[in-house]
Amino acid sequence: MMETDYLIAGCGCSGLFCALHLPKDKQVLVITKSDSESNDSFLAQGGMCTLTCEEDYDSFFEDTLKAGHYENDKKSVDIMIRTSQSIVEELTGFGVDFQRDGYGNLVYTREGAHSRNRIVFHEDVTGKEITSHLLAEAKKRDNITIMEYVTLLDVIEQDNVCYGAVVKMKDGTIEKIAARQVVLATGGVGGAYKHSTNFKHLTGDGVAIAVKHGMKLRDINYVQIHPTTLYTKEPTERSFLISESVRGEGAKLYDKNGNRFVNELLPRDLLTKAILEQMEKDGTEFVWEDLRSIPREELYHHFPNIMQHCKEVGYDVTKECIPVVPAQHYFMGGIYVNYESKTSMDRLYAVGETACNGVHGKNRLASNSLLESLVFAKRAAQDISEQQDTEINSVVVDHYSSEEYQDITKVEQDYREKVAKVVKGE
């Protein structure tokens, strides 16, 4: 049996940001199911929303609620927006290089359903820029240990109190970890779908564990489909996302005859619906996206990775349209948490995509994901830091039977089935 002060399951931006805000005199163990860079935080292209000025608050708030069909938790939205500027400052302090103009001022872009430009970005790899710097900082800290290829199988609880976790180590052995507090940052549910922008190993394990223990869930069947991923005839490991920012900068969508059929800046759910309807009408498996309306200099400067990927599969976006199709992208629901990211189980927190504090409502506003994850991961760490009197209960963990986890394939299949059922509302 291993022991640590704090155990975090997940190495994306929320798990890392939480780890970086925990007390430096306590040991923090971060486990990740794959390598430390194979998480959806690294894949985020467009950017991260932020409050540009006080005058922008009302429109930012309204844009978030409107996209979420007014099912959002208003206090969560307020917390996210009010904290956004300090998050940008912190990330800059960690070395994150957001786009700036010649005077050193932040440059803001715009995406679908935003009434104004308020998204900070780094080319078209903002998630990688943010998460790689958080990872580098975490590796510098003596109190933070990152263990790769370690899979969370279950939490260890007694009387609705979490005392640790059961994990599968890289060599396939089963281990138990005792901790003062546990944080679930296990990511989304894309691995349960045939077509998704997510990594395949992100199968909603945290949600499955919550279902197993009867924990409170929220908005569990709210799954967002991204309207524009690159269409390919042959199946791929994951769908390549064509960022919302591309349309924010002027890209157009056409039907099979080359006619524009929709307002490209509609909220994602409405745009997805329009694209699917057009595909059915045209009898096609995709629609066309035209990036040629974006100035060539902007294309090369803002979207180099998208351009390169399209080139690798045979498309020159400066000369021709590309085929795009909707695919599963984001999980708005998840494990219920309060404003400090605490779950309904004592000594257990959840952050990032696996958690649901109600910020997104029924549909996430573009580029609110990175911001929400960081804001509430920090709040989790702050709340945990105030609970330092909790003790490691190695007795409970030691006596917890781990025999049921020996058949790893059966456990993982069971979790996938649980997730598939809950997101379908069963």
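How many of the residues of helix α1 (residues 13-20) are buried? Eight of its eight residues are buried, so that the helix is mostly covered; buried means under 20% relative accessible area, with a 1.4 Å probe and protein chains only. The residues concerned are Cys13, Ser14, Gly15, Leu16, Phe17, Cys18, Ala19 and Leu20. Helices are DSSP runs of H or I with at least four residues, and strands are runs of E with at least two, numbered from the N terminus.

The model is predicted: local features need pLDDT of at least 70, side-chain atom pairs count only at pLDDT 80 or more, and totals for chains, interfaces and linings use all residues. Residues are numbered from 1 along each chain as its sequence is written, and side-chain values use heavy atoms, without hydrogens and water.

Asn160 lies in the loop between β6 (151-158) and β7 (161-168). Leaving aside residues up to four places away in sequence, Asn160 touches Ser344, Met345 and Asp346, where contact means heavy atoms within 4.5 Å. Asn160 and Leu348 are 188 residues apart in sequence, yet their C-alpha atoms are 9.6 Å apart.

| Class | Lining residues |
|---|---|
| Nonpolar | eight residues |
| Polar | seven residues |

Nonpolar covers Ala, Val, Leu, Ile, Met, Phe, Trp, Tyr, Cys and Pro, charged covers Asp, Glu, Lys and Arg, and polar covers the others, Gly among them. Strand β13 gives the most to this lining, with three residues.

Definitions and conventions: Buried < 20%, exposed > 50% of the residue type's maximum accessible area, 1.4 Å probe, protein only.
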